[in-house]
Each structure stands twice: as C-alpha cells, then as structure tokens.
Amino acid sequence: MPSRTSLIKPHVWAACAAALLAVSPAWAQKTKEEIIFSAMQDEIQRTVAKLQMENMSKPYFMSALVADMARVQLGGDFGAVVTVSSDAYRMLKIDLRVGDRSLDNTHFVGRDHWTYRPKTAYVPEDDDYDALRFEIWSAADEAYKSALELFSQKTAYLKSKLIADRTDDLSVATPVAEILPEYRENLDVPLWTAQIRELSKIFKEFAAIQDSYVSMDFLSRNDYFTSSEGARWRKPAPEVEIRLSATVQAADGMKIHDSRLLLARSLQDIPDFEALKSLTRDFAANMAELSKAPPMESYIGPVIFEEQAAAEFFNQLLARNVSFPKSPLFENESKKEDFQSAELLRRLNRRVVPEFISAADDPSLTEYGGSPLAGHYLIDDEGVKAQRVEIVVLGKLKDVLMDRSPIKERAQSNGHGRAGLTELPGGRIGNFIVTAAKTLSREKLKEKLLELCRKSELEYGLIIRRMERETARKAPGSMLSDPVAAYKVYAADGREEPVRGL
C-alpha cells in the first residue's frame, strides 16, 4: 500500500484545483440552498466518476453533509456572567466508500483506531460555489486516501480470519428528496444573559455549595445532505441546552457533584423563567441537603427507581442495548470495549423485561403527555425516513434500532441512523417510550417496598431519584452508573432519609 504522501502529487492536484475553479459558473444570483446543493452534487458526481488511483478501487458511494450553524454560549457563576460567546460556522462531513456494498472500508477498526470516523472540515460561511466546492474536493481527496488504506487493512484482516455469517456493509435505501423548512429562531442575548446571571445568583443562598455553574448553549442549525444515490434533503437540527451544576462537600471530606440538564429543540420548548428559577432553587437545596447526608453502607434489597433515575435505568439497561446492532471488526480486540453494541440482539424474540412492559421508539412524536420531546426528527442522518419501531412488546424483544448497516437478523434501516458531526451513523434512539399494562401509584409502590422490607426483615429499603447520566464513567463490571440522589425508606414508618456514596 503506498504511503499517504505518495498517493497524490501536489503540483498535479494544484493544477486540477485551478482548472476546477476556472470552469465554475457565475453564481451571484443563486440562493444559499442552490449553491450548497450544487457544490456538493457536482463534486460528488466528479468524485465517483473520475477519482481513482492507478490499480486501486474507485469510490462506489459518497455522501456529503453541510451543517450551517450559529452558536451562542452563556455561562454564570454565583451571580457573575463569566461566558458570553457567539460564532457562526459551517462544517462538512463526508462518507466515502470504496469496494462495493458487500465489502467496503467501513465497519472495521484498524491499527489507527482513532481514525474510525468520517472526514470532517470547516468550510466557508460565504455562499461561494467555487470556494465551497474546492473545500469539498479537498476533503473528498483525503477521505479517498483514508478509505483505500482502511480497505486494504480490512481485506488483509478478513483473509487471515474465518468470519462466519459476515453481512454486507451498506443496505439499499430509497433516496429521499425533501426540503424541510429552515430553523430561523434567534436568541435574545441581553435577555438571556440577565437570566443566566439571576439563575446563577441563586446558588449564593446556600452556604454548603462550593462551586456552581449555570450555562446555556443555543445552536441554530440546518443540515444540507446529498449523496451519489440521489438523496437530497435539508432539515433543521437545532439544539437548546441549559445546564445547572454544583459541588458540595460532606463533613468527612467527600465531594459530591451533580448537574441538571434541560434539552429542547427550540426556545419555545424551554420552561419560562419562573419555572427555571424554581428548578434551580430546588436543585441547590437538594445539593445542600446531600452534603449533610450520612454515607451509605452496602445494601442488598428492594429498590424503587423514580423520576430521572427511572428514565436513566431504562436508558442504560434497555435502550442502549438495542442500539448500534452491527458491531465493527477489530484488528485489536482490546478496543472493542470502547464501542457500544446492541447486547440484547442475541435475545431477539425472547423476554427481556417483565411481560407487562412494552417499549417503542418513535422519532415522529413532537410531544408526549403534554411535554415537548427533544428526540423528534423526520429524516435520519443517512436520508432514511424516520419510523416508529416496536422494540419490546409485552416483555419480548421484537426489534432493534437500525441504520444502513445490515445484520443477519435485519437487512434494512428503520430510520434510526444518527450521528454527531464527528461520528459515523449508528442505530440510535429518538423518542424512547416505555409503557406498562400493569401500574401502581407512587404511594402504592412505596407501600409495596415497605412490605418487601418487612418480609425480608430489613430495616429499610431504597428509593433512587437521580443517577449519573449514561456518559458517566461506571465502576468496573457495573451495569448502571452511580446513584446521586438516594434515600433510605424505613420499614417501620415510611420516613425517608437521604444517603450518599452509593
């Protein structure tokens, strides 16, 4: 395999670039949409038709995404605004594949495992066809070299291994052509700066809090996508995030950190300012209470998961284990633990939860029970229409979340191929809805807990209301992240006492 530096001669590509710019038409009267799509489509067509190194494979597939973004970030600390920043930029993401659908350069983590990602680059903010196409051309060239190198490593690996039931690398999908309305919401920066200041000031009311931070991250984003298969779409992809974080220290020196995160698809979905103040004050009070809580000894017994902990419980044990169903091949098997995979796939059509529980993922929902949902989308990041997927039906696993990476059990995408800008698409949740055919009120559930404690001659049970998020580092061998807000519930009288250190 030639080295990367020997694949392309710089003066040859410089001449090609000059020729490319010289033949570009005048685009002064074109819209932003026309310019972005034309630059992507023209360069994809050229790349797939003409880009080929001598005795090397040609690209058989290429997609390009341009994310047009404007971001505002605000931050406050104990009543002082410490962060006010804004930026506008565009980012390009390229998926380029060599070989064919049955075997290409994807789904293989080679010796350079940190390169298991798409090619990304910043591109001009100006609506300039020539400048944009040049950047796409440059990025596609780099993506092609990387694809050839990884394809060579993958084919050599497969020759040295006996891989049973290896499936294709890319499924067939109907190209989507849809232009959704742009997201055009603007943030009132002076207003939100004042509100962040006021929210952060609330933490000064609680002497136990040593550190705190209130932040807002507002991202106005519209994605433009096209592919060599003929897909062509634009969709809004905004994000609004408000985070509250605080640190307290117990009398024995243990530091306890926690945060609250509000995610929304638009500013309209954010609670009003009075509700945000109430949430902030409750959070600060809970943290101050936690600093006085006694440490928890080891415990074996019944537990109730409530509120955020209940959602995180299902997220970590069920949702994440039906996501990313196709695991890549690994040249170094020790890297496998760094990649998520659908651990429940081998239990398809078998019971995975009690028979009265069902779960579905439905990205088309914009709200549920009157609450707006941040996981809404209509087209996934591979250009497949979003679909409702019945994951669990009365306790039995019926399906998993699919992108365009076929597995033995499922050949086609069900519209859940999603990824960050620096990630490759994988089957991920949108709006994961868990329902139960058999329910109890909170009061009845607590009574059941106390009954179980008395039958087991336990002095108390546990209620967990908050857990660390899925992204937190877990203890070795642990299936769940650590509890943050936990309470002993005494069997004698039902009183609750906060505990820490679980």
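## Fold and selected residues of a predicted protein model

The protein contains 8 helices and 23 strands; helices (H or I, at least four residues) and strands (E, at least two) are DSSP runs, numbered from the N terminus. Its radius of gyration is 26 Å, close to the 23 Å that the globule rule gives for 502 residues, so the protein is as compact as a globular protein of that length. Here the radius is taken over C-alpha atoms, and the globule rule is 2.2 Å times the number of residues to the power 0.38. This is a predicted model, in which local features need pLDDT of at least 70 and side-chain atom pairs count only at pLDDT 80 or more, while totals for chains, interfaces and linings use all residues. Residues are numbered from 1 along each chain as its sequence is written, and side-chain values use heavy atoms, with hydrogens and water left out.

The C-alpha trace spans about 80 × 60 × 40 Å along its principal axes. Of the 502 residues, 47% count as buried; buried means under 20% relative accessible area, exposed means over 50%, and partly exposed is in between (1.4 Å probe, protein chains only). The protein exposes about 24800 Å², with carbon and sulfur atoms supplying 51% of that area (Shrake-Rupley method, 1.4 Å probe; for residues, only the protein chains shown count as cover). If we look at contacts (heavy atoms within 4.5 Å) between residues at least 6 apart in sequence, 75% join residues at least 24 apart. As for charge, there are 68 positive and 75 negative side chains, and the centres of the two sets lie 4 Å apart. In this count Lys and Arg are positive and Asp and Glu negative, while His and the chain ends are not counted; each charge is placed at NZ of Lys, CZ of Arg, CG of Asp or CD of Glu.

Ser102 sits in the loop between β2 (80-100) and β3 (103-104), and its relative accessibility of 31% makes Ser102 partly exposed. The side chain of Ser102 makes a polar contact with the side chain of Asp100 (2.5 Å). A polar contact is a pair of N or O atoms within 3.5 Å; within protein, one must be able to donate a hydrogen and the other to accept it, and residues adjacent in sequence count only if both atoms are side-chain atoms. Not counting residues up to four places away in sequence, Ser102 touches Arg166, Thr167, Asp168 and Asp169.

Ser405 belongs to the loop between β17 (396-397) and β18 (417-418), and Ser405 counts as buried, at 5% relative accessibility. Its side chain makes polar contacts with the side chain of His107 (2.7 Å) and with that of Asp403 (2.9 Å). Beyond its neighbours within four places in sequence, Ser405 is in contact with His107, Asp169 and Lys326.

Pro59 lies in strand β1 and is buried, with 3% relative accessibility. Apart from neighbours within four places in sequence, the contacts of Pro59 are Thr47, Val48, Leu51, Leu96, Arg97, Val98 and Tyr144. Glu239 lies in strand β9 (residues 239-249) and is partly exposed, at 41% relative accessibility. Although Glu239 and Arg265 are 26 residues apart along the chain, their C-alpha atoms are separated by 5.2 Å. Glu239 touches Asp217, Phe218, Leu219 and Ala264, leaving out residues up to four places away in sequence.

Met296 takes us back to a loop, the one between α6 (273-291) and β11 (303-305). Met296 counts as buried, with a relative accessibility of 11%. Its contacts, not counting residues up to four places away in sequence, are Tyr460, Leu462, Lys488, Val499, Arg500 and Leu502.

Finally, the backbone deserves a glance. Most residues other than glycine have a negative phi. Asn55 is not a glycine, yet has a positive phi of about 65 degrees. Asn55 lies in the loop between α3 (32-50) and β1 (59-77) and is exposed, with a relative accessible area of 77%. Leu394 also has a positive phi, near 50 degrees, and is found in the loop between β16 (389-393) and β17.
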